[in-house]
Amino acid sequence: MDLHRPIHELTAAFSRGETSPTAVTEAYLGRIEKLDGKLGAYITVTAEQARAAAAAADRRYRAGSPLGPLDGVPVSIKDVFCTRGVPTTSGSRILERYVPPYDATLVSRLAAGGAVMLGKGNLDEFAMGSSTEHSAFHVTRNPWDLARVPGGSSGGPAAAVAGGLAAGGYGTDTGGSIRQPAAFCGVVGLKPTFGRISRFGLIAFASSLDHPGPFGLDVTDAALLLGGVAGHDSLDATSIPAPVPDYTADLARGVRGVRLGVPDEYFIPGMDPEIEAAVRAAVEVLKGLGASVERVSLPATPHALATYYVIAPAEASSNLARYDGVKYGLRVPGRDLVDMESRTRAAGFGAEVKRRIMLGTYVLSAGYYDAYYGQAQKVRTLVRRDFDAAFGRVDLIVAPTTPNVAFKHGDKEDPVQMYLNDVFTIPADMAGIPAISVPCGFTAGGLPIGLQLIGKALDEPGVLRAAYAYEQATDWHRRHPELA
Amino acid sequence: MISREDVEHVARLARLALTPDELERMRTQLNAILVHIDALRAVNTDGIEGTSHAVPLVNVMRDDEPRPPFPADAMLGNAPDRAGEFFRVPRIIED
C-alpha cells in the first residue's frame, strides 16, 4: 500500500470504498513496527486505540456518513499534547510516568472529527531544540538520510509524515519547531496565527510564543489538518474568537496580482548557497504565476534571535517551575522540601532544559530584569512593527525557512550554533503571524529545502493559497524518501 | 561575565541541584549565550512599549457559573506521594 498518499486522496478512496480506515491504519502500524526502530519517530504507539478509532470510522464510511475531512485519517501527535489515559512525556524523564486525566483541545477536536491517533511523536525535551537529539528517550532520524537530524523540536511527527509512518501530524512551533523540521524532512509545515489553535492541554514551553500546527504531505492536507482543530476555545484565554473559514475553499484561486516581498535580511552570509538559489528560483516561479515581487526590509531581524533567547527561556523558567515532584511526575527524595525539589529537577531535566531554565531564571532575576527581559520585549515590538510596515506594501513575505539543510547527528554540540538554525523562523513567532514551509527543491546531496511564506495575522487563507499555487507548479512534494 | 557564585545563586533560585561539573559547564555556556544576548542592549528602544503578547486580547472573562470540578482522585492519580485527598511533601513546619 502507498503510504505517501495525501489525506485528501485517502479519504476520497475511503468514500469510494476502495480502501478503509482499518486497512490504512493497519498498514501504517505495520510500517511503524518495521521501521520505527530505525527512525525513532514515536515515543508511544497507541495501536489498540488506533484500531478502535479506525473501526468506528469504517462503519461511518460504510453508512455514507463520515464525520468530516479527517475521519479515519491516521496521524502522529507530538508528545506535548495531553492525551487522556495515554502517557504524555514532553520528551522528558520528569514526566515519564505521567498519564493525563484529560485531553488537550486539539486532541479532543481530532477525536470528534474521527481522526485516528497512531501514537505520540518524539520531540526535543519540552520542545526545546532544533534536532530532536534532546529527547530524553531516543533520537529521531531524518528519513532522507538516517545519519542526519529531522530538525526539531517536532522532529517525530515531521519524520513520520515524510517517512510514511503517518498520513498527517501535529506539532508546536515556538521558535520554528514546525517549519524547520518540515523543511529538513521535505514536507509541508504550517504555523498558524497565535491563538488560532487552542493551547489548552498543551504542555507549556513559552506561553506567548507556543503555536500548535500541522504537518502534511501537501498544502491541501495542511489546510484540512488546520481546519480540523482551529477555532475559539473557552478553555484558552488567548484563543482568538474569530470564525474559522474553509481553508480549502479558495486554495486554487492563484497568485495573480498578489504582492510578494522578499526581505533582504533573510539572505545572509554563511547561509547554504543551494538554499538561496532554490528560494530565488521559487520566487521566479511565483512571479511566473502572476505575483509581483519587490524587495522589503525587516531591519530588526538580526536582533530577533537574541530577543527570543531572552523571552523564551524566561517564560520557560516560569512554566517549568511546576515540575516540583509534588503533583505529578518524578520525585527524588530529599532531606527537606527544597532539597527534594532541587534533586527531582536535577534528575528529571536534561542538559538543554536545565540550560534554558538557568538562562531564564538569570534574565528574570533582580537587577537584570529591565536590562534583559524588559529590553527584549521592546525589541519584540520592533520585530512586529517591521512586519506591520512590510504588510503595508506587500501581501506576503517569501523567504527561506532555514539557513542550512539537515545536519548530521552530533554536528551542533555548541548551543549557540544550534540556536542559529532558527534565525529565519523566530521572527514570525515573535509577531504571532502565520507562516508555512513548503518543499522547494533538493541539494545536490539529495536533502530537502524549504520555502517559507509569511502572512498577516489570520491570513492563513492567503498563505495557503500562495503555497498551493507554488506547489501545483512544481513537483517537489511528490518526492519521497526510500526507507527499507 | 557570570561568575561561579552567580551560577550557584541562579541554580538555587531555579531549584536545580547541579553537580560541580554541571555548574562549571553552565558558567561557560551561559557566558557564551549572553555574549549574543548582550547585543540587544545596543538597540535603541527609547519610547518603545514592550510586547508581552502578539494577540490584542485583554481581560477575557466568562460567566461565573459553577461547573463540576475534576474528581479529586483523577487529579491525585499522578501524585508521586499522597495521603488520602492530599499531596504528601517532606515536612516544612518544625514541631
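In helix α12 of chain A, the buried residues are A:Y372, A:Q375, A:A376, A:Q377, A:V379, A:R380, A:L382, A:V383, A:D386 and A:F387. They pack against helices α9 (301-319), α11 (351-364) and α14 (426-431) of chain A, together with α2 (20-37) of chain B. The model is a predicted one.

**Helix α12 of chain A**

- Helix α12(A) covers residues 369-390, and at 1.5 Å a residue its 22 residues should span 32 Å; the C-alpha atoms at its ends lie 31 Å apart, which agrees with that expectation.
- An α-helix has 3.6 residues a turn, so residues three or four places apart point the same way.

**Packing of α9 and α11 in chain A**

- Two packed helices are described by the angle between their axes and the distance between the axes.
- The axes of α9(A) and α11(A) come within 7 Å and cross at roughly 100 degrees. These two helices, α9(A) and α11(A), are therefore roughly perpendicular to each other.
- On the α9(A) side, the contact is made by A:V310, A:P313, A:A314, A:A316 and A:S317. On the α11(A) side, it is made by A:R356, A:I357, A:L359, A:G360, A:T361, A:V363 and A:L364.

- The crossing of α11(A) and α2(B) is right-handed.
- A:R355, A:M358, A:L359 and A:Y362 of α11(A) meet B:M26, B:Q29, B:L30 and B:I33 of α2(B).

**A loop of chain B**

- B:P56 is placed in the loop between α2 and α3 of chain B.
- With 8 other C-beta atoms within 10 Å, B:P56 counts as exposed, because a residue with 12 or fewer such neighbours falls in that class.
- B:P56 and B:N78 are 22 residues apart along the chain, and their C-alpha atoms are separated by 36 Å.

**Helices α8 and α15 of chain A**

- Helix α8(A) (residues 273-288) and helix α15(A) (residues 460-473) pack at an angle of about 100 degrees, with their axes 10 Å apart. The helices α8(A) and α15(A) are therefore roughly perpendicular to each other.
- A:A282, A:V285 and A:L286 of α8(A) meet A:A466, A:Y470 and A:A473 of α15(A).

**Helix α2 of chain A**

- Helix α2(A), residues 21-39, bends by about 45 degrees at A:E33.
- Its buried residues are A:P21, A:V24, A:T25, A:Y28, A:L29, A:R31, A:I32, A:D36 and A:L39.
- The elements covering these buried residues include the helices α1 (7-16), α3 (47-62) and α5 (155-163) of chain A. The strands β1 (42-45), β2 (74-78) and β3 (116-121) of chain A are also included in this cover.
- Just after α2(A), A:G40 takes a positive phi of about 70 degrees.

Terms used
Residues are numbered from 1 along each chain as its sequence is written. Chains are lettered from A and ligands numbered from 1 in the order in which they are written. This is a predicted model: local features need pLDDT of at least 70, side-chain atom pairs count only at pLDDT 80 or more; totals for chains, interfaces and linings use all residues. Helices (H or I, at least four residues) and strands (E, at least two) are DSSP runs, numbered from the N terminus. The expected span of a helix is 1.5 Å times one less than its number of residues. A residue is buried if 20 or more other C-beta atoms lie within 10 Å of its own, exposed if 12 or fewer, and partly exposed in between; C-beta atoms are placed from the backbone. Two residues are in contact if their C-beta atoms, placed from the backbone, lie within 7 Å. A crossing is left-handed if the near helix is turned anticlockwise from the far one by less than a right angle, and right-handed if clockwise. Axes are lines fitted to C-alpha atoms, for helices over the stretch in contact, and angles run from 0 to 180 degrees between N-to-C directions. Angles under 35 degrees count as roughly parallel, over 145 as roughly antiparallel, 65 to 115 as roughly perpendicular and the rest as oblique. The bend at a residue is the angle between axes fitted to the seven residues ending there and the seven starting there.
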